[in-house]
Amino acid sequence: MLDRHAEHFPGPIHQPPLVANVDAIQPGVHAEHAYHPRLQHHFDDMEQQVEASTLGMWVFLVTEIMFFGGLFMAYLVYRWASPTGFQEASNHLNVTWGAVNTAVLICSSLTMALGVRAAQTSAPARTQVGWIVATMVLGAAFLGVKVIEYTDKFTHHLVPGPNFVWEGQYPAAAEIFYSLYFCMTGLHALHMIIGLGIMTVIAIMAWRGQFDSTYYTPVEVSGLYWHFVDIVWIFLFPLLYLIGYHYH
Amino acid sequence: MSGHVAPKSLYYLIFLALMIGTGVTVLVAKFDLGPLNNIVMLSVACAKALLVILFFMHVRWSSRLTWVVAGSGFFWLLILFSITMSDYMSRGWVPGTLR
C-alpha cells in the first residue's frame, strides 16, 4: 500500500496508471499493486472510496433536509396561525396537475434506480444512457407542468405582491400561502433544473462507457440527489395541493 | 465495488407501492375526516419517503454510518419542528404572558 502512495505522491494528478485488466494480474506476487484505475491515491481500496463518496453525499443531503426544513417550518407556523385560510387558498391549486407531477416524479425515480442498476450490472452504455435520458425527459415533463401551473397563477393574480387578488374570506392567509407555495415549489424546481444539469453530465460519462460494476459512484451519488428531490415533492404535494380538496 | 444489486422486480414493486400511496392520498383528501385528513396524508407521505430512502436510495444495504447520518437529518428536522411548535402552540396558556 505504501508503495503505491510513494509512486504517485508528487504527481499533480492523483490518477493511478491504467491497468488494463485488474483480474489478469497474478494474485500473490504483485497483489498489492492490483488496484482499479479509478481508485484515488488517498483511499485504501474501492470499497473505502465508495463508502466515503456515499457518506459525503448523505451529509450534503442532510444539509438539504434542513434547507427545505426551514420552509416546511414556516409553512407549519403559518398554517397553525390560520388553518382555514390555508385550506381555502389551497383549494385553488390544480390537484390533477399536482397528482400528475407526483406520478411523473415517481416514474423518474424508478428510471433513475434502474439507471443506477444498469451501471451496477455493467449493462451496455446504450442501456445506461437510456435510463438516464428517460429520467431527464420525465424531469423536464415535471418542469413543463410547473410552467403551466405558474402561468395559471400569474393570469389569475395569485402571485403575492401588489397584483395579488383574493376574493375569498381570508386574503391575508391566502397571500402567505401563495408566498410559501412559490418559495417551496420554486426551490424544488430549482433543484430539478440542477438535477437535469447533473444528469446531462452523467449521461455523457455513461455514453463514454465510464461506468461498470467495478465503478459507478457518480451515477449512484447523483441518483441519491434525484431521489431526495423526489422525496421533497412527496411532502409538498399533499401539504400544498390537498389540504382543501374536500371543499370541492 | 461491493454495492448490493437489487432485483428489478423489487424496484417495480416499490414503484407500484408509491403509485398506490399517491392514489390513496388523493382519494382520502376528497373526504372531510377532520384532523384525520392530516394524519393520513402525512403517514402515507412518510411511508412513501421511507420506501424511496430504503430501496431506491439503497440505505437498506448501506453501512451503519450512512443510517446514522441519514437518520440524524430527520431527527434534527423533528427537533426544529417540535421545539418551535411547542412555543407557538403554548402561547397564551399562562395568563398575562405574551401571545
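Residues are numbered from 1 along each chain as its sequence is written, and chains are lettered from A and ligands numbered from 1 in the order in which they are written. As this is a predicted model, local features need pLDDT of at least 70 and side-chain atom pairs count only at pLDDT 80 or more, while totals for chains, interfaces and linings use all residues.

**Exercise 1.** Find out how many helices and strands chain A has.

*Solution.* Start with the terms: helices (H or I, at least four residues) and strands (E, at least two) are DSSP runs, numbered from the N terminus. Chain A has seven helices and zero strands. Along the sequence, this reads α-α-α-α-α-α-α.

**Exercise 2.** Work out how helices H6 and H7 of chain A are placed relative to each other.

*Solution.* First, locate them: H6(A) spans residues 171-207 and H7(A) spans residues 217-242. Next, take their axes, which are lines fitted to C-alpha atoms, for helices over the stretch in contact, with angles from 0 to 180 degrees between N-to-C directions. These axes come within 10 Å and cross at roughly 160 degrees. Angles over 145 degrees count as roughly antiparallel, and H6(A) and H7(A) are therefore roughly antiparallel to each other. Finally, look at who touches whom, where contact asks for C-beta atoms, placed from the backbone, within 7 Å. The residues involved include Tyr181(A) and His188(A) of H6(A), and Trp226(A) and Leu236(A) of H7(A). By class, this contact has 17 nonpolar, five polar and no charged residues. Here Ala, Val, Leu, Ile, Met, Phe, Trp, Tyr, Cys and Pro count as nonpolar, Asp, Glu, Lys and Arg as charged, and the others, Gly among them, as polar.

**Exercise 3.** Explore the largest nonpolar core.

*Solution.* Such a core is a set of buried Ala, Val, Leu, Ile, Met, Phe, Trp, Tyr and Cys residues joined through C-beta atoms within 7 Å; buried means that 20 or more other C-beta atoms lie within 10 Å of a residue's own, with C-beta atoms placed from the backbone. The largest core has 81 residues. Phe177(A) and Leu236(A) are among those with the most contacts inside it. H7(A) gives the most to this core, with 17 residues.

**Exercise 4.** Describe how chain A meets chain B.

*Solution.* Count first: 42 residues of chain A are in contact with 40 residues of chain B. Then ask which element leads: H2(A) gives the most to chain A's side, with 17 residues. By class, that side has 28 nonpolar, ten polar and four charged residues.

Terms used. Parallel < 35°, antiparallel > 145°, perpendicular 65-115°, else oblique. Contact = placed C-beta atoms within 7 Å. Buried ≥ 20, exposed ≤ 12 C-beta atoms within 10 Å, placed from the backbone.
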